[in-house]
Amino acid sequence: MRIIKDADVRKAEILDAAEKLFNEKGYSKTTMEDILSLTGIAKGTLYYHFKGKEDILLAMIDREIEQREQSMRQIADDKTICAVEKLYRVIRLLSQSGMMSDGLYEKDNAELHQKSFSRSLMRFSPIMTEIVEQGIKSKEFSTPFPQESVELLFCASELHDPRAFSWPEEVRQRKKEAFFWMLEITLGLSADAKAKLYRLAGLSQEVFENNE
């Protein structure tokens with residue numbers, strides 16, 4: 001007897017199967033036939049939901065963006081933590097590896113990567129801007145450009161992704177220090193907020209003093 005499933009359930013199953021295959025074989029080496037074989041669905045059903053492999057990857061990107069956006073919203077709405085800690089938690093969240101970008105750093109996928117980056121920026125920057133505006137009200141931040149500052153920081157965060165840049169560890173650490181120093185300057189952190197940010201980021205007191 002044929003099992004009829006809700007469209008959203010079926011799409012989720014396809015995305016889960018594709019994610020597993022992309023992780024195991026890589027995006028470029030995975031075929032639509034591989035996905036068909038793993039899901040066990042009819043070819044017509046697969047192509048009814050997705051036009052091709054790129055369409056599947058973009059859907060996976062959107063799914064992860066939505067999940068991360070929900071997590072960011074929970075952080076932004078948490079009244080028990082200050083704005084600088086909220087921002088740090090969001091940065092940590094964004095730095096976590098995910099399927100959203102695993103297939104995007106393969107050769108010839110620059111256009112897909114750009115689409116992913118643009119979609120992420122459009123969805124995440126409003127929440128991050130909201131956090132910065134909370135910080136301005138609480139005197140933790142003093143930037144006159146909350147949205148623009150967030151957008152610049154979001155772009156700079158790409159330097160930390162090991163799939164985009166395979167820096168040696170000592171270079172990666174220096175770029176981490178530079179990123180938080182730039183965050184401090186760009187957002188105009190108060191002395192207390194700056195001290196808390198550096199503690200949260202695990203940066204040494206020496207680095208903190210060098211940025212006075």
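This is a conversation about how to read the features of one predicted protein model.

Visitor: What should I know about the model before I start?

Guide: It is a predicted model, so local features need pLDDT of at least 70 and side-chain atom pairs count only at pLDDT 80 or more, while totals for chains, interfaces and linings use all residues. Residues are numbered from 1 along each chain as its sequence is written, and side-chain values use heavy atoms, with hydrogens and water left out.

Visitor: How many helices and strands does the protein have?

Guide: Helices (H or I, at least four residues) and strands (E, at least two) are DSSP runs, numbered from the N terminus. Here you get 11 helices and zero strands. Read from the N terminus, the order is α-α-α-α-α-α-α-α-α-α-α.

Visitor: And what share of the residues counts as buried?

Guide: Buried means under 20% relative accessible area, exposed over 50%, and partly exposed in between (1.4 Å probe, protein chains only). Of the 212 residues, 42% count as buried. The accessible surface, from the Shrake-Rupley method with a 1.4 Å probe and, for residues, only the protein chains shown as cover, comes to about 12100 Å². Carbon and sulfur atoms account for 52% of that surface.

Visitor: Which residues of the largest nonpolar core touch the most other members?

Guide: In soluble globular proteins, nonpolar side chains tend to be buried together. A nonpolar core is a set of buried Ala, Val, Leu, Ile, Met, Phe, Trp, Tyr and Cys residues joined through side-chain atoms within 4.5 Å. The largest one here has 52 residues, and Leu 46, Ile 56 and Leu 183 touch the most other members. Helices that each supply at least two residues include α1 (7-25), α5 (83-95), α7 (110-137) and α9 (169-187). The biggest giver is α4, with 10 residues.

Visitor: What does Ile 56 touch?

Guide: Contact means heavy atoms within 4.5 Å. Not counting residues up to four places away in sequence, Ile 56 touches Ile 14, Leu 15, Ala 18, Met 32, Ile 35, Leu 46 and Phe 50. Take Ala 18 from that list: this residue is in helix α1 and is buried, with a relative accessible area of 0%. Leaving aside neighbours within four places, Ala 18 is in contact with Ile 35, Ile 56 and Met 60. Ala 18 and Leu 38 are 20 residues apart in sequence and 8.6 Å apart in space, C-alpha to C-alpha.

Visitor: What share of the contacts joins residues at least 24 apart?

Guide: Among contacts between residues at least 6 apart in sequence, 64% do. Glu 69 sits in α4 and, with neighbours within four places left aside, is in contact with Arg 123, Phe 124 and Ile 127.

Visitor: Is Arg 68 buried or exposed?

Guide: Arg 68, in helix α4 (residues 53-77), is buried because its relative accessible area is 9%. The side chain of Arg 68 reaches the backbone oxygen of Leu 93 at 3.4 Å. Compare Lys 176 in α9, which is partly exposed at 25%. A polar atom of the Lys 176 side chain lies 2.8 Å from the backbone oxygen of Ala 201.

Visitor: Where do the buried residues of α8 fall?

Guide: In α8, Pro 146, Ser 149, Val 150, Leu 153, Phe 154 and Ala 156 are buried. Seen down the helix axis, they fall within an arc of 160°, so they line one face of α8. The arc is that of the directions from the helix axis to the C-beta atoms.

Visitor: Which loop holds Lys 139?

Guide: Most residues other than glycine have a negative phi. Lys 139, in the loop between α7 and α8, has a positive phi of about 70° although it is not a glycine. At 66% relative accessibility, Lys 139 is exposed. Thr 143 lies in the loop between α7 and α8 and is buried at 7%.

Definitions and conventions
A polar contact is a pair of N or O atoms within 3.5 Å; within protein, one must be able to donate a hydrogen and the other to accept it, and residues adjacent in sequence count only if both atoms are side-chain atoms.
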